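Here are my notes after a pass through the model. Have a look at it first, then see whether you read it the way I do.

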Amino acid sequence: MIDGGIVVPLVGALQACVSVLLTMSYGVAAQRLRLVQESSINDMVGLGVKLFLPALIIIHLGEDLQLENALNYIPVIIWSILYTCSSIGLAYFVSKGLKLPAWVTPACAFNNTTSLPLLLLQSLESVGSLNPIIQNGDTESKAISRAQSYFLLCAVISKTIGYIVGPKLLQDGESIDTENQRAGDADPETQNGTAEHGHANEETPLLSQQARKARGKISTSIRRGAHLISSILPKRIRQRLMAPFESPFADVAITCTVIGAVLGLVPQLHKAFFNKYEDGGIFNAWLTSSVKNIGKLFTTFQIFVVGCKLGVSFERMKASGDSGQIPLKAIVTIFLVRLVIWPVVSISVVYGLAKRTNLVLTDPILWFSLMLMPVGPPALVISGLAELARVSEPEKMAIAKSLTVMYALSPFFCFSITGALKASQAALEQRNAT
């Protein structure tokens, strides 16, 4: 029962989910106790997205992506594109068929792909839940680090697609130019009403003027190169492809992904940045270590900030005379799509591929990660997109309540984690038996 059953992995997964939920609740408590103000929360959001997350992407991709395992990342790229596009299509038809509010579509289409799964992986490491799928010669810490690099790459791809189609989901009938301009004004994953209230947001300068000028030059160079390459395409397609580069998050994330890939795939650079000093890692002990320290702050920090944001939403609900009704049908739909339908589909598909083909290679941690990538509650994407669409205040309150309920239901994630773990273990045992 202990080795072959589901009780132990289920309890371990539940503990990990509760740990994440408690971390979020500490953010709510800090905001309610006035330990942080809304303007400070918005600054914290920008700090996490523009400094901590880029450092995490560079370190994880650079350290884990190497020539010998580069093929492991191809299924991540393909699966991230496939499931994100499928989520958009499914969410659109479900929302239209059930006549739900427009914001339900992005809520069903885009799940939390960064802070929540990364912190869950850390919690799973603390309870040892992944030991059954760790192969000989591998360690749990290396496996967790590898899984985090898979999720980070998935996050960059998912968010990039989100910036292309996200505003369109709420702004039918507007011109593409207007959509692209608005998409560059807010980060749907993290912004929650900052523009409306005039507080600092992710565009608030966090660096010195010289640092901002340097970053601006780099971003401009990237955009010019991308525009040059895309100039051969028709105008409508070019506008869609260039939408992500107009976002303050996407240009940084894409740039850091490229930097991390270069550091990982070029043997000389990987040796200099990630090997021990006695093995030629001349940058590891000081430069790489300092960037890693910054990157490690992101996961817990971002979940804490999500809690702070929810605390702000609670205050607005209380202060508003017309805070909007809890849209029960919308919440049930989001719950079913994000925490029931997608877990069943993704676990089944990846299990079948892992069992019968080599398309997802032979890394059980990769299988486990692929199974969980489409799963989880929506992040703050719907609040950001609601700001872009300028929805009414009661509807914003309804969105905030829906977010609160969905994160309160996040412990149901433990069933998806357990299913993915058992499916990966079964696929590994069958492959070893053949």
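1. Start with Val332, which sits in helix 15. Keep in mind that this is a predicted model. Val332 comes out as partly exposed, because its relative accessibility is 40%, between the 20% and 50% cut-offs.

2. Val332 is also one of the residues in a nonpolar surface patch of about 670 Å². Which helix gives the most to the nonpolar patch? That would be helix 15, spanning residues 328-356, with eight residues.

3. On the annotation side, the unreviewed UniProt entry lists "transmembrane region" at residues 6-29, 41-61, 73-94, 245-266, 326-353, 365-386 and 398-421. I'd treat those positions as coming from the record, as annotations there may be inferred rather than shown by experiment.

4. Two of those spans, checked against the model: residues 6-29 are 96% helix and 0% strand, with the end C-alpha atoms 34 Å apart. For residues 41-61 the figures are 100% helix and 0% strand, and the end C-alpha atoms lie 28 Å apart.

5. Is Cys414 buried or exposed? Buried, because its relative accessibility is 3%, and the cut-off is under 20%. Cys108 is buried as well, with a relative accessible area of 0%.

Note on methods:
Residues are numbered from 1 along each chain as its sequence is written. This is a predicted model: local features need pLDDT of at least 70, side-chain atom pairs count only at pLDDT 80 or more; totals for chains, interfaces and linings use all residues. Side-chain values use heavy atoms; hydrogens and water are left out. Buried means under 20% relative accessible area, exposed over 50%, partly exposed in between (1.4 Å probe, protein chains only). Patches are made of residues with over 30% relative accessible area and no salt bridge: like charges are joined within 9 Å, nonpolar side chains (Val, Leu, Ile, Met, Phe, Trp, Tyr) within 5 Å. Accessible areas come from the Shrake-Rupley method with a 1.4 Å probe; for residues, only the protein chains shown count as cover. A salt bridge is a side-chain nitrogen of Lys or Arg within 4 Å of a carboxyl oxygen of Asp or Glu. Helices (H or I, at least four residues) and strands (E, at least two) are DSSP runs, numbered from the N terminus.
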